Amino acid sequence: MRKSIFALDSARQTAFKELQRSSLSQGERDDYKDFIVYLNTRIVNYCMELTEQAGEATAAGLPCPDISAIGTAEGVQAPTEETYIYLPVYEPEETHTQAEKTASMDKQLFAALADFDELLLKEEENVSARVPSQREAGSAGQNGTNGSSGASGATGESGQGSGDQNGSGTTSADAGESSSSSAQSGQTAQDGTASGAQSNVGAGSADIDHSAYGAPGGKLPPPQDDDIVARQLREAAEKETDPELKKKLWEEYWKYKGVKKGE
Amino acid sequence: MNRLSVMLLALLMLSGCATMQSKVADHVRPMHAEQELDSSELLDVAIVIFDSEELTDDEISELGLSEEIRRAEERYMPIQLKYTMQRTGYWGAVRVVPTPSKAHLQVRGTIVHSDGEQLTLEIEAYDSRNVKWFEKSYSEELRLSEYSGIAPEKKDPFQDVYNTIANDLAAHREELTTEDFREIQQVSELRAAHDMAPDAFGGHLEVDKKGIYRIARLPAESDPMLQRVRAIQLRDDMLLDTINSYYEVYYNDLWQPYSDWRKLYNEELVAMKEVKKQALTRQLLGLAAIVGGVAMSSNSNVSGSGLPGVMVVGGAAAIYSGFQKSQETKIHRDVIEELSLSFSSEAEPLVIEVVGETVRLTGTAEEKYQQWRKMLREIYASETGFPVAPENSNMEPRSNQPAEVM
């Protein structure tokens with residue numbers, strides 16, 4: 001269940017990032033908001049199930065909202081887009097204990113660290129994107145004494161890439177629970193836009209064994225049969241790079257499709 | 001007795017010179033750890049971008065060296081040392097850092113002299129306790145044959161220098177006790193913790209009169225503030241890894257033009273020195289012949305023969321030939337200057353680019369660190385109920401260490 005919560009949170013962050021793009025039409029924005037609301041609902045349900053089964057302590061480190069506060073929040077304060085991520089939907093400060101305040105500040109700190117992880121992830125992608133082109137340029141200009149080895153640095157030659165990260169072991173996967181989920185979503189967010197995803201179902205997912213994720217008959221239904229939530233769940237699952245989170249997102253997809261069938 | 005004293009003095013002077021200019025041996029074999037070391041024995045290393053001594057007028061005018069070349073070398077050489085140290089298996093993460101850091105071990109270097117023929121570096125190493133491991137000078141003069149078989153990361157023409165430095169560091173490391181390793185690692189962590197959360201980690205370290213850090217008390221492993229600081233420290237390491245990725249791209253971009261420049265420069269320098277030597281020999285021989293001829297002509301016994309005149313004329317011809325030969329040195333000097341100019345023009349934009357990326361990243365990170373420091377202070381105040389103390393509790397040692405940034 002914890003993995004499912006992380007998987008949904010990863011999809012939620014990706015959707016939130018898409019929502020921040022200025023190029024979206026109003027319709028697309030509404031779709032993303034619906035999707036985020038759906039994901040929030042699923043996350044809250046899972047969090048409640050988890051705390052009911054194993055106590056509130058099990059929700060520690062999970063992107064669960066302050067469940068006890070949700071029941072008292074109605075009509076007091078409408079959630080903003082920002083409150084969909086990490087922060088509880090409603091935080092009545094006057095009723096918080098000191099420990100709850102500290103926990104909330106902790107969440108903000110780790111959310112800030114997760115943002116930094118994503119920034120570094122993008123930087124690493126920038127660097128690694130440069131290296132292959134340098135290799136190509138290098139093989140062409142290797143023999144020249146003062147050849148066109150890229151005075152500007154945009155091109156140039158190179159013998160070796162920078163794939164070796166010094167054995168330092170400091171990858172974002174090691175960076176703690178709160179950051180790892182965001183780093184995952186950061187990766188998925190890099191891959192491109194979600195809105196045009198109908199076309200990438202074939203190409204982008206050709207090598208995915210969908211039957212492993214519970215598709216009836218091992219085949220996905222045509223994308224046209226998906227509504228906005230199903231479509232975005234499918235896209236999130238296709239883009240997810242962590243195999244476990246990917247599996248959970250596909251399970252969510254099929255659960256959602258099952259609900260639709262039953263209706 | 002007096003003679004013995006003079007000889008001893010001469011020997012002492014010679015040995016003194018040898019210490020100042022410690023020439024490295026040829027074909028230095030790099031030390032390697034015999035087995036994989038436990039993480040408790042692995043120290044993370046920060047090699048600070050090298051400094052360099054100001055170029056002399058002679059180095060600029062006679063040797064064609066330039067500040068642009070030095071700026072390029074200040075970044076290239078620490079990266080070569082990093083690759084060398086990484087291969088030994090003695091160290092944890094080895095990183096090149098733009099400014100001094102609080103890593104377990106910090107290596108700083110100054111380029112005293114560098115051209116394609118000779119390299120002299122001054123290297124000093126400190127651990128996180130501020131204990132100086134050593135300060136040494138390393139020098140090597142190359143033969144042209146040492147340019148064969150060079151390869152990026154693996155073999156620099158001056159690889160003997162890098163191997164010797166790495167071996168000295170490894171040898172010093174071998175002398176550390178288990179307690180030393182633990183203390184170095186703990187002090188490094190506590191210094192970083194104090195930098196991020198001085199309220200929470202104000203009393204954990206002491207600095208003695210010599211500027212050496214000692215542990216006063218340790219935080220509990222379960223201390224939530226320590227966990228937060230570790231999470232931040234991890235980001236700092238990741239930032240340095242990203243910066244190192246840029247440095248590696250820079251190194252790879254620079255490798256070919258720098259290798260070409262050094263090799264051609266060395267060839268020209270050797271040729272120029274040879275021509276200079278020949279010119280000087282001819283001029284001296286010519287001068288000797290003229291002096292001899294003049295002396296013989298004044299000698300009544302041989303003045304009647306034509307030999308003195310021949311010697312004078314021959315001597316003049318030799319001096320003229322020597323003069324012509326010395327003109328050739330100018331050609332070599334011009335070539336050296338041209339080579340250096342060409343290399344400078346290639347290296348300069350690469351340096352500007354990597355410095356720009358580093359400044360951009362460290363600037364962004366420093367802004368974040370300020371925010372996180374503020375958040376940690378608020379969390380600490382919330383957790384303990386203590387009021388937030390003013391931000392002035394800096395405990396940097398009063399030593400020859402430069403001011404440090406995280």
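1. Contacts in chain A: among contacts between residues at least 6 apart in sequence, 58% join residues at least 24 apart, two residues being in contact if their C-beta atoms, placed from the backbone, lie within 7 Å. The model is predicted: local features need pLDDT of at least 70, side-chain atom pairs count only at pLDDT 80 or more, and totals for chains, interfaces and linings use all residues. Residues are numbered from 1 along each chain as its sequence is written, with chains lettered from A and ligands numbered from 1 in the order in which they are written.

2. Chain A contains eight helices and zero strands (DSSP runs of H or I, at least four residues, and of E, at least two, numbered from the N terminus). Of its 263 residues, 37% are buried, that is, have 20 or more other C-beta atoms within 10 Å of their own.

3. In chain B, helix α3 (residues 67–86) has 15 of its 20 residues buried, so the rest of the structure largely encloses α3(B). A bend of about 25° occurs at Glu73(B) (the angle between axes fitted to the seven residues ending there and the seven starting there).

4. Helices α5 (residues 178–196) and α6 (residues 224–298) of chain B pack at about 95°, their axes 10 Å apart; they are therefore roughly perpendicular (65 to 115 degrees). Ala192(B), Ala193(B) and Met196(B) of α5(B) meet Leu226(B), Val229(B), Ile232(B) and Gln233(B) of α6(B) in this contact.

Technical notes:
A residue is buried if 20 or more other C-beta atoms lie within 10 Å of its own, exposed if 12 or fewer, and partly exposed in between; C-beta atoms are placed from the backbone. Axes are lines fitted to C-alpha atoms, for helices over the stretch in contact, and angles run from 0 to 180 degrees between N-to-C directions. Angles under 35 degrees count as roughly parallel, over 145 as roughly antiparallel, 65 to 115 as roughly perpendicular and the rest as oblique.
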